[in-house]
Structure formats: C-alpha cells, structure tokens
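Thanks for asking me to look this one over.

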Amino acid sequence: MHLPRLLSLSAVAGVLALLLTSFNSQAQGEQQLALIQLPLPPLATPSQAPTLEQVESTPAAQTAKQVQARKGDVLETVLKRAGVDVNTIYALAQADRQKLLTRFRPGDDFAVTFDDAGRPIEIMRHLNRTTRIVAQQERGRWQIRKVSLPVDIHIASATGTISDSLYLSGKRAGLSDKIIMNLADLYQWDIDFARQLRPGDTFKVLYEQRYLNGELIGDGRIIAAEIHTSGKTYRAFLLTDKQNETIGYYDEKGRNLRKAFMRNPVDHVRITSRFTRKRWHPIHKKWKAHRGVDYGGKTGTPVRATGNGKVIFKGWKGGYGRVVFLQHGRKYTTVYAHLSRFGRIKQGGYVKQGQVIGYIGSTGWATGPHLHYEFRINGHHVDPLTVRFPDAGPMPKAYRAQFKQRAQHLLAALKRLDADTQLAANFE
Ligand SMILES: [Zn+2]
C-alpha cells in the first residue's frame, strides 16, 4: 500500500512532542486511546503529476461514464462498454507499459471522461480507497500514472497490561489486529510471546491512524513501542527516510531490532523435535543425533527463508526429500527439508528474509508432515532455537544524529503515557 509522505522526521518529532504536552486520554470504555492531530501531510505525487484537485476538477460541461469490469473482461471490452473508441483503446494499451490500466480484476470500477466533442480525455481506475490509476492526454500522448489521495495521519496511543495473551490484552487496549501483529513482528527476535510473557507485563504503543476526508480508514505503522517483561524493558522506534518510507526499528541505543535471521521458518508452529546430540530414530531404528528442529504442521503450510540469502540447492536429496539449502554470507547455511513443493525460487537466485521458499510436506524420510530445519555455522550444526543471531545491520550513519533526537522525543512520549494513564485512574 502506498503511504503518504509526511513532514520531515525532525518536524514530526517536534510537533509530536509539542502536542503530547497537551494531550488528554480519552476514556473509551476500557480503552486508553489518545489522538494527536498532526498537520496534513503533503500529497505524495511528483510535481508534474496531476494532483487530485486537478483530477477531480473536470469541468461540468464534460460527460463521464462509469463501468465495472466483469469476469472475462479485457481492457478493450471494458472501455468499449464505456463508449471509448478502438483507436484510443489501442493508444492506451501502447502507452500502458507498466500495465497499470491493463491489469485489473472483475469488479474494478472505471470512470471515463469525455470532452464536449465526445472524445475520451481521461480514464480512471479505482485501485482502493486511497489510490487511483489515471490516464490523461498530454501533448497528444496518453500518460498513465498512479495517484494517491491525501491521507491524514494521526498518532494514536494505547497502553495495557498483559493478563492472558498479547493478542487478547492488545484487543482490550483498543488495538487492531494489524497493530498487534506488527507489534509481535517487531519484537520477534527479542521476545518469545508464547512462552515468555507473564500476567502483569505491560505494553505501550504509539501508532499511525490514517484518515481520508475525516474518516478513519485504518491503522498505519507503529511509531514507538515498549514492552516490559521478565524485568526488562524492550523499546522500539521507527526510523524513516526523507520520503517517510520505513528503514527499520531501533531501540533507544540505536540498535537494530531486526536480526539477520528469524528464529522460526514457520508461523504459529508446534515444535515436535528439538536439536539433540542423540535420539532414537523411528525409521532407522537406532540412536541418532537430531541436528535440526522439527516443526509439525499441515502439508502446505508456508515455509519462510529465515534470512536473506542465496539458493545454493533446490531439489531432492535422499532422506531430506525435497529440500532447499540457503547460503547467508560466508558463514551461515540454513536447510529446509521434507517440503511438499517449492516456492517461487530458483537455484542460484536470491531470497529475502521471510520470503516463502516452500511448503511443509513429508518427502524423504519423514513419518508425517513436518519441516526439518537446520542452522549451520561454518558447516557445523547449531541449535537454531538458542543460537545468538547477528544484527541485520547497523543504522545508516546519515540517520544517527536525527534518530537520537527523534528517539528522545518518542521516549518522552511513551513515558508521558504513564502519567496520563495514572491521571485518568486518579479521576475514576
Ligand atoms: Zn528433523
């Protein structure tokens, strides 16, 4: 999804700090939610691109026609239905190198605007609530581009105490599924949410909420977060570039939360066999070391690359069955065995951390569907559940000073949440 550009980082942090000094918690039932209005972000379009105002300022003398794409439609059939002539459709198809107009789904809405002579002058496809594809004629040629509507970003906050799971406690604090999932994602390297959290642990979140014409259309990114568990406080602050695109999350000391490897290659898993020096092998009927971790799961469960790497083997190998070997830098190799099928990967190609490389199966020597996962350092097998992973990479130097300032503001904002919560409690 295309996110709108915001003000520069320091401006956002500054405004945020200013506004936080005067914000009130709004008691919404059990929720502790507060909204801080940030100035309207500028429209995220290059200067030569049409702004929404231009797009929507079609003079009244012109006529417009709306059509909806049906099953089996191609660009030609949809536009013909809207009354567009064949020559224009041909010119559009030629100009649409990125297939912005051409690639659509049944149900997509098209709007065609005609001039008073009945010639099409603009074709628009609605992508979602905030994005459109717009084709307009410029100097006799069709220009097709994506146009984003100006989305208003507000900062919301929530605090809560864990009484059961992060999910249920997050819901009670008024957080959406998306923010709770993002929170769990963010801390996946530091906190084992299934085993580590205890009743009484606390969390705080500052996050974006996206508004279109004054209406809440959904949550954006987490800006800052804090989880207190096992006597430790884990903080995360969002770092963005000048275009407000996410660079990553770092703690108050500027350390990357992301590690070079994810702990588990499958989501929501059941570990059925751990790394051991020796164990009884049910197929070979003898004691053997288990040099990996087994994850039980249904056939077809996606298996993800735990780190960025190169596919050094994709194929069938004896007891491993259908297996993928990934090489990460010089030192590290990961192995994913017994797959039912492969993801969209090529031997010799590169994969990203989290990318689906295959699906759980029971190929090779497997008693039932499961993933056998190995982690090797310089060829030696280590336990992937306990090994310390290297950081994914330090913060880019150019951002360090800026981040330090921003993190201070956000840290103050998180601390301020305590005071507000306390204040609200005092008045209950
Ligand atoms: Zn195994």
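The points that follow go from the whole chain to its sheets, cores and a few single residues.

1. A word on the model. This is a predicted model, in which local features need pLDDT of at least 70 and side-chain atom pairs count only at pLDDT 80 or more, while totals for chains, interfaces and linings use all residues. Residues are numbered from 1 along each chain as its sequence is written.

2. The overall count. The protein chain has 7 helices and 25 strands; here helices (H or I, at least four residues) and strands (E, at least two) are DSSP runs, numbered from the N terminus. Of its 428 residues, 31% count as buried. The term buried means that 20 or more other C-beta atoms lie within 10 Å of a residue's own, exposed means 12 or fewer, and partly exposed is in between, with C-beta atoms placed from the backbone. Two residues are in contact if their C-beta atoms, placed from the backbone, lie within 7 Å. Among contacts in the protein chain with a separation of 6 or more, 62% come from residues 24 or more positions apart.

3. The five-stranded sheet. An open sheet of 5 strands runs in the order β3-β4-β5-β6-β7, with antiparallel pairing; two strands pair if DSSP finds at least two bridges between them. Its edge strands, each pairing on one side only, are β3 (63-68) and β7 (141-148). From one strand to the next, the twist averages 20°. Strand β6 (residues 131-138) pairs with β7 over 8 bridges in the antiparallel sense, and valine 134 has arginine 145 in β7 as its bridge partner.

4. A helix across that sheet. Helix α4 (residues 86-95) lies across β5 (120-126), β6 and β7, and runs at about 60° to β7. For such angles, axes are lines fitted to C-alpha atoms, for helices over the stretch in contact, and angles run from 0 to 180 degrees between N-to-C directions.

5. Glutamine 137. This residue sits in strand β6. Glutamine 137 counts as partly exposed because it has 18 C-beta neighbours inside 10 Å. Leaving aside neighbours within four places in sequence, glutamine 137 is in contact with Ile121 and Trp142. Glutamate 122 is 15 residues away in sequence, with 7.1 Å between the two C-alpha atoms.

6. Two hairpins in a row. Strands β10 (residues 215-229) and β11 (residues 232-240) run antiparallel and are joined by 6 bridges. Alanine 224 has phenylalanine 237 in β11 as its bridge partner. This hairpin has 2 residues between the strands, and serine 230 takes a positive phi near 50° there. β11 is in turn joined to strand β12 (residues 246-250) by 4 bridges, again antiparallel, with threonine 240 opposite threonine 246 in β12. The hairpin of β11 and β12 has 5 residues between the strands, and asparagine 244 in the turn has a positive phi of about 70°.

7. The largest nonpolar core. A nonpolar core is a set of buried Ala, Val, Leu, Ile, Met, Phe, Trp, Tyr and Cys residues joined through C-beta atoms within 7 Å. The largest one has 35 residues, of which Val205, Leu206, Ile222, Ala224 and Phe237 touch the most other members. Two or more residues come from each of β8 (152-161), α6 (177-186), β9 (202-212), β10, β11, β12 and α7 (400-426). The largest share, 6 residues, comes from α7. Neighbours within four places in sequence aside, phenylalanine 237 is in contact with Ala224, Tyr249, Tyr250, Arg406, Ala407 and Leu410. A second, separate core of 22 residues includes Val266, Phe275, Tyr295 and Ile360.

8. Asparagine 213, in the loop between β9 and β10, is not a glycine but has a positive phi of about 50°. Asparagine 213 is exposed because 10 other C-beta atoms lie within 10 Å. Serine 230, found in the loop between β10 and β11, is exposed because 11 other C-beta atoms lie within 10 Å. Lysine 346 is placed in the loop between β21 (341-342) and β22 (350-351), and it counts as exposed because it has 10 C-beta neighbours inside 10 Å. Phenylalanine 313 is 33 residues from lysine 346 along the chain, and their C-alpha atoms are separated by 8.9 Å.
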